[in-house]
Amino acid sequence: MRLEVQNLETGYGKAQVLFGLDLVVGEGELVALLGANGAGKTTLLRTISGLIPPWRGKVLWDGEDLRRFSPARRARLGLGHVPEGRQLFPLMTVEENLRLGAAFLAPEREREGFERVFALFPRLYERKRQLAGTLSGGEQQMLAIARALMGFPKILLVDEPSLGLAPRLAEEVLLSLKRVVEEGVGVLLVEQNVALSLEVAARAYVVEHGRIVLQGLAHAVLEDPRVREAYLSL
Amino acid sequence: MKGFGHFPLILLSLVLFALLPFLPFGVWQAFLLDVGFFVLLFTALALSWDLVARTGQLSLAHGAFFGLGAYSAGLLAPQLGTLPALLLGALTAGAGALVLGSVTLRLHGLYFAIASLAFSEVLRTLALKLPFTGGPIGLPVPPPFAGAWPLATYYLSFGVLLLATALSLWAERSPFRLAQAATRQSEAVARVLGVRVVQVKLWSLLLGSLVAGLAGGVYGMKTLFLSPYDAFSLGRAVEALVIPIFGGLYTTLGPLVGGVVLVSLEQALRLWIKEGYLVVYGAILILVILFLPRGLVGILGRRRG
């Protein structure tokens, strides 16, 4: 399975946000998409999952153009999306949130899904009867990722999972994504936390003002003087 | 699953209503059956509104669905007989819902509410102006089954409530509940979790309108007379939304309890203090909304999600 974005342009109303973006994510690969606030990272993810229509360019799923596919249909193909700010259902329990993740994408694999996410995040098992709104920030982020995993995605888009988390928790969450990748899922990780992302990712793209300005293997990106200066203040 | 805890209570109230005509109330019998009829009918209407509200859509079109059902059933009953007329009345309301839904369901919350209000106004104007509706003079409706059975309207009303309860319980127990809850809380997230949001909203509106149309049909057969201002009244749409808010939104028990309490309260107040009843009624509503934000069923200590 291979997700490919070709020359993507889009925006809101008259304001263009993405100016011809290309990237590729394969199965079993953790790819980081780095950039500052307002660079267009979230817009890119929303366009990939079909919530925003592209102006020009394509989103390809194993070579097939997804243009006419609704978000729900893309999800059924195996495209998962963990939205920015977690977006849990706060008045539902942890278990119900997870069940929702499976209900429309992989209802027959619900039990398997529960085993998988509870193995990945044992803390969610301890809290499964608790309301999602009462979890800590880190646990909520884990739940958001787990909910997406319940649908057995082949490619998972994760939007700013470290947002608002203490450094230790941010690290824990990003390391959990590494284990997701080891199970064969492809992950496109959008992050502002450059140092931490480059630690877990295999490859990385750096996006500025809606364009890819740098790409390569994570360690190479980490060594790039521009990245060191602009994002790591070294 | 959630909701099963309420099941005995729901069943008990249904059995009570089924037996109401046979309980010994003496001189109060006829009055209580009248009150019971309206309790059943408006509770069913409230449940059908809640069914739509569970997708996050605030419908002000339930008066219109009610009126569509009432007028269609009223016009068709002399030719087709009671039950086919009621069925076609419900289907007309359903067709109206599909028209409204296909145009407006991409709208959300308040915008949908305004569109549904406009829909309701348009239909009332049609009922006033069309040549076959009787216009402002109104439309006489024959009693059900040619008046052969005095309890017919009561049990028809009971049947509508049974259907509404069954639909609501089904929606609460099946994956449909998750689809509705997800749609209500965040459409974007629901979409990326594979929920076909527009379909879920359209189905909810369709099911809700069928029940509302059926209730309208039975209403006409009880009052034996329909006028556009009564059948398509906005007050009906408001009642349909006040009852679930009063009883507890997004549940089966909430509108059920809310309907029984609120409609009987309304009838009793009307009897005791005549014209001024709305003042007391309004005060009670405000108090409940202030102090029981989750409605009467909130007292039972169950959360809603």
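Predicted model: local features only at pLDDT ≥ 70, side-chain atom pairs only at ≥ 80, totals over all residues.

Entry 1: As a reference pair I noted A:T10, which stands opposite A:L18 in β2(A). The two strands form a hairpin with two residues between them. In that turn, A:G13 has a positive phi of about 60°.

**Entry 2: another partner for β1(A).** I then looked up strand β4 (residues 56–61) of chain A, which runs antiparallel to β1(A) and is joined to it by five bridges. Here A:V5 faces A:V59 in β4(A).

**Entry 3: the six-stranded sheet.** Which order do the strands take in the open sheet of six? I read it as β6-β7-β8-β3-β9-β10 in chain A, with mixed pairing. β6 (79–82) and β10 (211–217) of chain A are at the edges with a single partner strand each, so one side of each has no neighbour in the sheet. From one strand to the next, the twist averages 15°.

Entry 4: I checked strand β3 (residues 30–34) and strand β9 (residues 203–208) of chain A, and they pair in the parallel sense over four bridges. A:A32 has A:A204 in β9(A) as its bridge partner.

**Entry 5: the helix on the sheet.** Last, I followed helix α7 (residues 167–182) of chain A, which packs on the sheet and touches β3, β7 (155–159) and β8 (186–191) of chain A. The direction of α7(A) makes about 160° with that of β8(A).

How values were computed:
Residues numbered from 1 in each chain as written. Chains lettered and ligands numbered in written order. Heavy atoms only, no water. Pairing = 2+ DSSP bridges. Axes fitted to C-alpha atoms, helices over the stretch in contact; angles between N-to-C directions. Contact = heavy atoms within 4.5 Å.
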